[in-house]
Amino acid sequence: MGRVVLAGIELYARHGVHAEEERLGARFVVDVEMEVAFEGKPDVITSTVDYGAVFRFVQKLATEQRFYLIEALADHLAEEIMKRFAEVQELVVRVHKPHAPLPGVVRDVFAQTSRRR
């Protein structure tokens, strides 16, 4: 089993529980780690997962619908990626909220979920 990773998909969205987060929006970062059986297969895109298509799919899903929780967003992304991309056997999705409204300095906050066929 091989691994294809999209690390650091940056996007602007309006997720969060506070009214200001909906109004102003914020930067989010998504990581997608996919286990795909590509070893020993031909050197063609149909032998693996099209990570360009995954990128566009994540961008679309993460910006079209608002979620209060990054946990819910991560769960939604994982479910939809597994439905859409049959080549993916295992999946880890992380949604980072680097500027979460907290009463102190925190480098990063993220929610992570995984799926397996």
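**H3 packing.** I began with helix H3 and asked what its buried residues pack against. They pack against strand S2 (26-36), H2, strand S3 (88-96) and strand S4 (110-116). I am working from a predicted model. I then listed the buried residues of H3: Ile-70, Leu-73, Ala-74, His-76, Leu-77, Ala-78, Ile-81 and Met-82.

**H3 geometry.** I checked the span of H3 next. The helix has 15 residues. From first C-alpha to last, H3 reaches 21 Å, close to the 21 Å expected at 1.5 Å a residue.

I stepped back to Leu-69. This residue sits in the loop between helix H2 (51-64) and helix H3 (70-84).

**Aromatic pairs.** I searched the whole structure for aromatic pairs and noted 1. The partners are Phe-57 and Phe-85, with ring centres 5.7 Å apart. Why do I call the pair edge-to-face? The ring planes stand at 75 degrees, and planes over 60 degrees apart count as edge-to-face. I also placed the partners along the chain. Phe-57 belongs to helix H2, while Phe-85 lies in the loop between H3 and S3. The pair links distant parts of the chain, 28 residues apart.

Phe-57 has a relative accessible area of 10%, so I log Phe-57 as buried. Phe-85 comes out at 7%, so Phe-85 is buried too.

**Whole chain.** I closed with the overall layout. I count 3 helices and 4 strands in the protein chain. Along the sequence they follow the pattern β-α-β-α-α-β-β. I boxed the C-alpha atoms along the principal axes and got roughly 50 × 25 × 20 Å.

Of the 117 residues, 43% count as buried. Last, I noted the surface: the chain exposes about 7000 Å². Carbon and sulfur atoms supply 53% of that area.

Definitions and conventions:
Residues numbered from 1 in each chain as written. Predicted model: local features only at pLDDT ≥ 70, side-chain atom pairs only at ≥ 80, totals over all residues. Heavy atoms only, no water. Helix = DSSP H or I, 4+ residues; strand = E, 2+ residues; numbered from the N terminus. Expected span 1.5 Å × (residues − 1). Buried < 20%, exposed > 50% of the residue type's maximum accessible area, 1.4 Å probe, protein only. Contact = heavy atoms within 4.5 Å. Phe/Tyr/Trp six-rings, centres within 6.5 Å; stacked < 30°, edge-to-face > 60°. Areas by Shrake-Rupley, 256 points an atom, 1.4 Å probe, with all protein chains shown as cover.
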